Amino acid sequence: MLVVLADRTGQMLSVLSGPEPQARLLQLRCHLSTELIGDCIYLASIDAFMTSMDKEMGIHGLLEDSPKAGYSQTIAINTFEPDMGMQIEVTISEQVMVDMNNNSVYVHTAMSYVPMITMEYTHIQVGEVVNIHYSMGGMMAAQVGGADSGSYQTRDATPNILEAIDSVIDSSDSGDEMIELPDTGDFNNDMPDNATTEITYNSAEGTQKMEMHLIDEDGTEMTMNIEIDENENLVSYSMHSSNGSDSMSMHYLVMWDDAIVIEVDDTLPRTSIPVW
């Protein structure tokens, strides 16, 4: 059996032969060109991968495609802070899951600014029942109420899960002001001339992944992976940059349908503390 791998313009990327070529993970480099022949697996163009990153991937945008959706994202930075005279590690994470059919939501936010402060907050809600988990610690915890942690159950008499999400996320955004994210503009604009690109097709999952790698003029090494589904919708992306002393990583993953599982714990202590 002959299989021709091509992009949607008919540009050939690779040819495979054998009894079951689709069953293998196909490592492709986008530099060949010929006419379209035989059975074809169409690979997305580089533009399709980059365009998938421009779509609205917050929870409101995802819910336009499915009533059960979610995402997780993490940013991690390791850098030298001259004002403090020390190396610092900052990690900010966020996970959101929503099931509109069951009027349920899961929101988890966390920030770690080692060694200064760590904060976590989780809001889980099914209908009117709400679970809250929280923790705070670190050297600066005393400035924002002191180190503490706990879990409790309360009720929301007028549940609005989208408002609950916005409230938790907006409250956690203030932590982002503590750090300055590195510039990733090389990947957000046109493809740099010195970038190397490799596209991988996973027949078992029906997904395609593009990996880009470059070293910029300042010597910073950057790698980005973008994974899309058969409809060219974003599945996940990751980015990593390092210049030898400082590093930054970003990860994002979309979740749909059966991946969304939201449950409350009815055994938690009950309080009358209002929901955010």
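1. The model under discussion is a predicted one.

2. Is Gly146 buried or exposed? Its relative accessibility is 19%, and because buried means under 20%, Gly146 counts as buried.

3. Which residues does Gly146 touch, once those up to four places away in sequence are set aside? They are Met136 and Ala141. Met136 stands 10 residues from Gly146 along the chain, and the C-alpha atoms of the two are separated by 7.5 Å.

4. The note now turns to strand S7. This strand comprises residues 104-114 and is mostly covered, with 9 of its 11 residues buried.

5. How many bridges join strand S6 to S7? Strand S6 (residues 86-99) is joined to S7 by 11 bridges, and the two run antiparallel. Within this pairing, Val90 is found opposite Tyr113 of S7.

6. S6 and S7 form a hairpin that has 4 residues between the strands. In this hairpin, Asn103 adopts a positive phi near 50 degrees.

7. S7 also pairs with strand S8 (residues 117-126), in the antiparallel sense and over 10 bridges. The hairpin formed by S7 and S8 has 2 residues between the strands.

Note on methods
Residues are numbered from 1 along each chain as its sequence is written. This is a predicted model: local features need pLDDT of at least 70, side-chain atom pairs count only at pLDDT 80 or more; totals for chains, interfaces and linings use all residues. Side-chain values use heavy atoms; hydrogens and water are left out. Buried means under 20% relative accessible area, exposed over 50%, partly exposed in between (1.4 Å probe, protein chains only). Two strands pair if DSSP finds at least two bridges between them. Contact means heavy atoms within 4.5 Å.
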